[in-house]
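Hi,

Here is the model I promised to pass on.

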Amino acid sequence: AYRTVSQQEALFNKQVQAYMKDNNLSRTKAISATRKTVADPGSSEHHLGTCFDITVPGVSFGGTQQARWLEKNCWDYGFILRYQKDKESITGFLAEPWHFRYVGLEHSKVMQAENLCLEEYLDEYARDIFVE
């Protein structure tokens, strides 16, 4: 789950180059497109050690039995599906059905009950969490 900044930088730059080559985008537009799928180096949740990506070898994870089970049950263990399809405009990232983040059971249960992504949850409850 953990990535160093240099690993994230290599991943980011590889995606930028792919957008430039495969979609004939300028560097500026390729960087903008990349930021919807790959976090900027130094800002990835993988640096924090609070998230991990899950895969099923040889198949796309979204839609698998494992993905459906995790999406339904991760909340019961303090995890959230970090980038949900219906929250893309809020998170700024395209949906990633493989990316899970630990927030703790107290928080995950509220987020599930109120259908909140992390950004919405922090907007709503940050003052209660950080000011006690």
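This is a predicted model: local features need pLDDT of at least 70, side-chain atom pairs count only at pLDDT 80 or more; totals for chains, interfaces and linings use all residues.

Y121 sits in helix α7, residues 118–130, where helices are DSSP runs of H or I with at least four residues, strands are E runs of at least two, and both are numbered from the N terminus. With a relative accessible area of 5%, Y121 is buried; here buried means under 20% relative accessible area, exposed over 50% and partly exposed in between, using a 1.4 Å probe and protein chains only. H107 is 14 residues away along the chain from Y121, and their C-alpha atoms are separated by 8.5 Å.

Before the rest, the ground rules. Residues are numbered from 1 along each chain as its sequence is written, and side-chain values use heavy atoms, with hydrogens and water left out.Now the overall picture. The protein chain has 7 helices and 3 strands, arranged along the sequence as α-α-α-β-α-β-α-β-α-α. Its C-alpha atoms fill a box of roughly 45 × 35 × 25 Å along the principal axes. Of the 132 residues, 35% count as buried. Among contacts with a separation of 6 or more, 56% are between residues 24 or more positions apart.

The axes of α1 (residues 5–23) and α2 (residues 27–34) come within 8 Å and cross at roughly 125°; axes are lines fitted to C-alpha atoms, for helices over the stretch in contact, and angles run from 0 to 180 degrees between N-to-C directions. That makes α1 oblique to α2, given that angles under 35 degrees count as roughly parallel, over 145 as roughly antiparallel, 65 to 115 as roughly perpendicular and the rest as oblique. From α1, the residues F12, N13, Q15, V16, Q17, Y19 and M20 meet R27, A30, I31, A33 and T34 of α2. By type, the residues of this contact are 7 nonpolar, 4 polar and 1 charged (Ala, Val, Leu, Ile, Met, Phe, Trp, Tyr, Cys and Pro are nonpolar, Asp, Glu, Lys and Arg charged, and the others, Gly among them, polar).

The loop between α1 and α2 holds N24. N24 has a phi near 55°, a positive value in a residue other than glycine, and it counts as exposed at 69% relative accessibility. N115 also has a positive phi, near 50°, and is not a glycine either. N115 is in the loop between α6 (105–114) and α7, and is partly exposed with a relative accessible area of 41%.

On to the strands. They form an open sheet of 3 in the order β1-β3-β2, with antiparallel pairing; two strands pair if DSSP finds at least two bridges between them. The edges are β1 (51–53) and β2 (79–83), each pairing on one side only. The antiparallel strands β2 and β3 (residues 96–102) are joined by 4 bridges, and F79 stands opposite Y102 in β3.

Last, I54, which lies in the loop between β1 and α4 (65–73). I54 is partly exposed, at 22% relative accessibility. Apart from neighbours within four places in sequence, I54 is in contact with F61, L70, W98 and F100. P97 is 43 residues from I54 in sequence, and 8.6 Å away in space, C-alpha to C-alpha.

Cheers

Terms used:
Contact means heavy atoms within 4.5 Å.
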